[in-house]
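Please consult the sequence and the structure shown below while reading.

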Amino acid sequence: ISTNGGLWRYMPGDTVRFTSLAPYRLQITGRTKHHINAFGEELMVADADLALANTCRKLDVKISDYSAAPRCLGQGVGLHEWAVEFMVAPPDMNAFAKELDKQLQDVNSDYAAKRIGDLALKPLIAHHLPPGSFQRWLKSRGKQGAQIKVPRLSNDRTTLREILEQQANTSQPTGQRING
């Protein structure tokens with residue numbers, strides 16, 4: 001951000017958190033279009049990243065990429081579906097999915113409220129993808145380079161559907177689908 005004039009001409013699309021008001025300091029925490037709010041859970045990338053970091057630390061695993069989107073089950077009920085590529089995979093994907101769901105509830109009170117009694121949000125589904133899955137998907141879309149990022153969260157299922165369909169159509173070992 002160079003001047004306030006630039007902010008009036010276009011929408012930057014970043015979400016920020018003020019870390020200090022005197023002097024003004026802010027931290028970029030994500031993108032406005034990268035969130036999930038299909039059921040009122042208001043999940044932003046910063047919360048998803050923190051929940052994943054806590055999950056990985058607790059289970060001693062490492063991820064290289066992820067993407068998630070909502071899935072509507074009907075009558076105002078749904079769940080989150082995650083595709084996760086690991087550098088160090090968990091021995092038990094069920095435990096990973098359950099811990100990620102717990103961590104999301106711990107870092108996001110809106111997500112936690114929607115998970116109460118599974119009334120609005122059911123436990124998440126996690127797909128374990130083999131190494132290189134996200135890079136293959138990006139390459140198939142002509143998007144390669146250091147500045148190209150995998151979309152983390154989306155209210156639209158297009159990205160997640162393309163990633164999972166590509167995985168299903170490759171000769172690579174199939175990913176593992178786990179309910180949390």
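## The S5–S6 hairpin and its surroundings

Strands S5 and S6 form a hairpin with two residues between them, and glutamine 75 in the turn has a positive phi of about 55°. The model is a predicted one. The two strands run antiparallel and are joined by eleven bridges.

Glutamine 75 itself lies in the loop between S5 and S6. With a relative accessibility of 85%, glutamine 75 counts as exposed, because exposed means over 50%.

Arginine 71 is a residue of strand S5. Its relative accessible area is 24%, so arginine 71 is partly exposed. The side chain of arginine 71 makes a polar contact, at 3.1 Å, with the side chain of glutamate 81. The C-alpha atoms of arginine 71 and alanine 38 are separated by 8.6 Å, although these residues are 33 residues apart along the chain.

## Aromatic pairs

A pair of aromatic rings is described by the distance of the centres and the angle of the planes. The structure holds two aromatic pairs. In the pair of tyrosine 66 and tryptophan 82, the ring centres are 5.4 Å apart and the planes stand at 25°, so the pair is stacked. This pair links distant parts of the chain: tyrosine 66 belongs to strand S5 (residues 62-74) and tryptophan 82 to strand S6 (residues 77-88), 16 residues apart. Both tyrosine 66 and tryptophan 82 are buried.

What is the arrangement of the rings of phenylalanine 86 and phenylalanine 96? Their centres are 5.0 Å apart and their planes are at 80°, so the pair is edge-to-face. This pair, too, links distant parts of the chain, with phenylalanine 86 in strand S6 and phenylalanine 96 in helix H3 (residues 93-107), ten residues apart. Phenylalanine 86 is buried, with a relative accessible area of 5%. Phenylalanine 96 is likewise buried, and its relative accessible area is 0%.

The accessibilities of several residues discussed in this report are collected here.

| Residue | Relative accessible area | Class |
|---|---|---|
| Phenylalanine 86 | 5% | buried |
| Phenylalanine 96 | 0% | buried |
| Arginine 71 | 24% | partly exposed |
| Glutamine 75 | 85% | exposed |
| Aspartate 118 | 27% | partly exposed |

## Backbone features in the loops

Most residues other than glycine have a negative phi, and most peptide bonds are trans. Against this background, some places in the backbone deserve mention.

Alanine 22 and proline 23 are joined by a cis peptide bond, with omega at about 0°. Proline 23 lies in the loop between strand S1 (14-21) and strand S2 (24-31).

Aspartate 118, a residue other than glycine, has a positive phi, near 55°. Aspartate 118 is placed in the loop between helix H4 (109-115) and strand S7 (125-129). At 27% relative accessibility, aspartate 118 counts as partly exposed. The phi of glutamine 75, in the loop between S5 and S6, is also positive and near 55°.

## Helix H6

Helix H6 (residues 158-169) has twelve residues, which at 1.5 Å a residue should span 16 Å; its end C-alpha atoms are 16 Å apart, which agrees. Which residues of H6 are buried? They are Thr159, Leu160, Ile163, Leu164, Gln166 and Gln167. These residues cover an arc of only 160° around the axis, which puts them on the same side of H6. An α-helix has 3.6 residues a turn, so residues three or four places apart point the same way.

On the other side of H6, Ala168 and Asn169 are exposed. The buried residues of H6 are covered by elements that include S5, S6, S7 and helix H5 (133-140).

## The protein as a whole

The secondary structure comes to six helices and eight strands. From the N terminus on, the elements run α-β-β-β-β-α-β-β-α-α-β-α-α-β. Of the 180 residues in the protein, 39% are buried. Among contacts with a separation of 6 or more, 66% are accounted for by residues 24 or more positions apart.

Methods: Residues are numbered from 1 along each chain as its sequence is written. This is a predicted model: local features need pLDDT of at least 70, side-chain atom pairs count only at pLDDT 80 or more; totals for chains, interfaces and linings use all residues. Side-chain values use heavy atoms; hydrogens and water are left out. Rings of Phe, Tyr and Trp (its six-membered ring) pair if their centres lie within 6.5 Å; planes under 30 degrees apart count as stacked, over 60 as edge-to-face and the rest as tilted. Helices (H or I, at least four residues) and strands (E, at least two) are DSSP runs, numbered from the N terminus. Buried means under 20% relative accessible area, exposed over 50%, partly exposed in between (1.4 Å probe, protein chains only). A polar contact is a pair of N or O atoms within 3.5 Å; within protein, one must be able to donate a hydrogen and the other to accept it, and residues adjacent in sequence count only if both atoms are side-chain atoms. The expected span of a helix is 1.5 Å times one less than its number of residues. The arc is that of the directions from the helix axis to the C-beta atoms. Contact means heavy atoms within 4.5 Å. Two strands pair if DSSP finds at least two bridges between them.
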